[in-house]
Number of protein chains: 2
Amino acid sequence: MSSQNPKRAILEQFAAVARALGSAHRLDLLELLAQTERSVEELAGLTGLTIANASQHLQQLRRSGLVEGRREGKRVIYRLTDSEIVALLGSLRRVAERNVAAVEKVLNGYFRQRDKLEPVSRKELLRRMRDGLVTVVDARPLDEFAAGHLPGAISLPPRQLKRRLRELPADQEIVAYCRGPYCVLSYEVVAELRARGFTAFRLEDGYPEWKAAGLPVENSSPA
Amino acid sequence: MSSQNPKRAILEQFAAVARALGSAHRLDLLELLAQTERSVEELAGLTGLTIANASQHLQQLRRSGLVEGRREGKRVIYRLTDSEIVALLGSLRRVAERNVAAVEKVLNGYFRQRDKLEPVSRKELLRRMRDGLVTVVDARPLDEFAAGHLPGAISLPPRQLKRRLRELPADQEIVAYCRGPYCVLSYEVVAELRARGFTAFRLEDGYPEWKAAGLPVENSSPA
DNA sequence: CAAAGATTCAATTAACCTCTTGAATAAAGT
DNA sequence: ACTTTATTCAAGAGGTTAATTGAATCTTTG
């Protein structure tokens, strides 16, 4: 069959992309890049990799077409080539979640309260935002907030929470979000707020999923 | 941060699933299993792997939670654990298609007529099926047809096409489908039918995507 | 043009994956 | 119980990938 050779070549390309995803460090890098573009140095610092090692992983991701880099002065800034990649990571997550028992085990061990915090869906949040019924809190670090966030969101990383409690409305529902489903920042914020008597919920997923879904975002300092 | 350890463990699990997808042979196996469950021997035959090798790849897929096997007499029958896996493969395909230039090259080389054949969407086909405006042709091998197919579809692999032309309506549109976007069977059928004056189109994607979308399917020999 | 900073390249070693081969199970038929 | 058939296990050669180190490249700044 003449279909065998080109099919084989295509599958080989798919497999190469899958192999690029087949390393925890590279998934970590991709997750960070799903938040915002970054330089090699920043990425190395955030992931705990040496610079040379981060650079090599990034190049591997680039060879597979998942990220692209541009030079900007002394630095090279990397970003995802495509928001479809967020969908791919989400799909990978769902399959791993459903199928791999070990993931459940870790989740149950660490995110014990996971189910108690009843996350709010994107659709639901959007509706409540339109009705002005909700205060949206971004629990990520400042620089990620600056690079893009949900419209009207307040930047409030866990460390600043205690001294900025009075900025928050006591009579209105609060929804917090962060990087994505395995980011703990919004869990921390919600737990803390609830402990202090606020009505707080988590957004399901995080900023990259929101953006990838084509929902509106806002930039505080348009670079 | 206490979030680093469990996060690392989770990413490692995701990476393990991605690594399981990182081999053309395993993707080939998964594509076959997306059609229907099969024994090790069948899978080895269809992919051209030795039996021992196919067995090892299948076990790797099983360890990652992507397939499961059950003993049935002398044979072990493998199948996908979950239709979400079809979505993951689709997502992988879309990313690879958009990003990897080499894939485009192969596609243009082999599926030259790809664009000329204007595929019909699932939604569109469903509408035309309801209105009774269309004859649906399944271009896959007989056994895959028997394991499940679109409602009312006629099994018509390319080899049987010439001697069964008179079964087809000359005055009605024909839509052919096969295994998925990189399966050539439906291309062959459509090209042949058009050459003989029929009005024929391809369905976008194939049977596994149809089934995974929750659309109705039919079994000819309920096993 | 020299110096410093950011990133990449090159070379090394260790770890891992792939395919093959032949032996070991497991179930069914004789 | 023995043979056959289908699958899995175990071991080894060959190749690929990962992390580390130090040198090389490219860009801005003095």
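**Close-up views of a predicted protein–DNA model**

**View 1. Contacts of chain A with the phosphates of DNA strand C.** In chain A, a backbone N or O atom of A:Glu41 is placed 3.0 Å from a phosphate oxygen of DNA strand C. The model shown here, and in every view that follows, is predicted. A:Ser55 approaches DNA strand C through its side chain, an N or O atom of which is 2.6 Å from a phosphate oxygen. Chain B also takes part: a polar side-chain atom of B:His57 lies 2.6 Å from a phosphate oxygen of DNA strand C.

**View 2. The protein surface near DNA strand C.** DNA strand C is surrounded by 23 residues, of which A:Glu41, A:Ser55, A:Gln59, A:Tyr78 and B:His57 are the closest. Of the atoms of DNA strand C that come within 4 Å of the protein, 85% belong to sugar and phosphate. In chain A, helix H3 (40-47), helix H4 (51-63) and strand S3 (75-80) each supply at least two residues of this surface, as do H2 and helix H4 (51-63) in chain B. By residue class, the surface near DNA strand C comprises 6 nonpolar, 11 polar and 6 charged residues.

**View 3. Strand pairing around S3 of chain A.** Strand S1 (residues 38-39) of chain A pairs with S3(A) in the antiparallel sense over 2 bridges. Within S3(A), A:Tyr78 is the bridge partner of A:Arg38. A:Tyr78 is also listed among the residues closest to DNA strand C. Strand S2 (residues 67-72) of chain A likewise runs antiparallel to S3(A), to which it is joined by 6 bridges. A:Val67 has A:Leu80 of S3(A) as its bridge partner. The hairpin of S2(A) and S3(A) has 2 residues between the strands, and A:Gly73 takes a positive phi near 65 degrees in this hairpin.

**View 4. The protein surface near DNA strand D.** Two side chains of chain B can be inspected here. An N or O atom in the side chain of B:Gln59 is 2.3 Å from a phosphate oxygen of DNA strand D, and for the side chain of B:Tyr78 the corresponding distance is 2.9 Å. From chain A, the side chain of A:His25 has an N or O atom 3.3 Å from a phosphate oxygen of DNA strand D. Two or more residues of this surface come from each of helix H2 (24-35) and H4 of chain A, and from each of helix H3 (40-47), H4 and strand S3 (75-80) of chain B. The surface near DNA strand D divides into 6 nonpolar, 11 polar and 5 charged residues.

**View 5. The interface between chain B and chain A.** Contact between the chains involves 52 residues of chain B and 51 residues of chain A. The area buried between them is about 4500 Å², and carbon and sulfur atoms give 68% of that area. B:Phe14, B:Glu84 and B:Val95 together supply 13% of the area that chain B buries against chain A, more than any other three residues.

View 6. One salt bridge joins B:Arg98 to A:Asp82, with the closest N and O atoms 3.2 Å apart. On the side of chain B that touches chain A, at least two residues come from each of helix H1 (4-20), helix H2 (24-35), helix H5 (84-99) and helix H6 (101-110). H1(B) gives the most, with 13 residues. This side of chain B contains 28 nonpolar, 11 polar and 13 charged residues.

**View 7. The open sheet of chain B.** Four strands of chain B form an open sheet in the order S5-S4-S6-S7, with parallel pairing. Strand S5 (154-155) and strand S7 (200-202) stand at the edges and have a single partner strand each, so one side of each is left without a neighbour in the sheet. Strand S4 (residues 134-138) pairs with S5(B) in the parallel sense over 2 bridges. B:Ile154 in S5(B) stands opposite B:Val137.

Terms used. Residues are numbered from 1 along each chain as its sequence is written. Chains are lettered from A and ligands numbered from 1 in the order in which they are written. This is a predicted model: local features need pLDDT of at least 70, side-chain atom pairs count only at pLDDT 80 or more; totals for chains, interfaces and linings use all residues. Side-chain values use heavy atoms; hydrogens and water are left out. Contact means heavy atoms within 4.5 Å. Buried area is the accessible area (1.4 Å probe) that two parts lose on being put together, summed over both. A salt bridge is a side-chain nitrogen of Lys or Arg within 4 Å of a carboxyl oxygen of Asp or Glu. Ala, Val, Leu, Ile, Met, Phe, Trp, Tyr, Cys and Pro count as nonpolar, Asp, Glu, Lys and Arg as charged, and the others, Gly among them, as polar. A residue is near a molecule or strand if one of its heavy atoms lies within 4 Å of it. A polar contact is a pair of N or O atoms within 3.5 Å; within protein, one must be able to donate a hydrogen and the other to accept it, and residues adjacent in sequence count only if both atoms are side-chain atoms. Two strands pair if DSSP finds at least two bridges between them.
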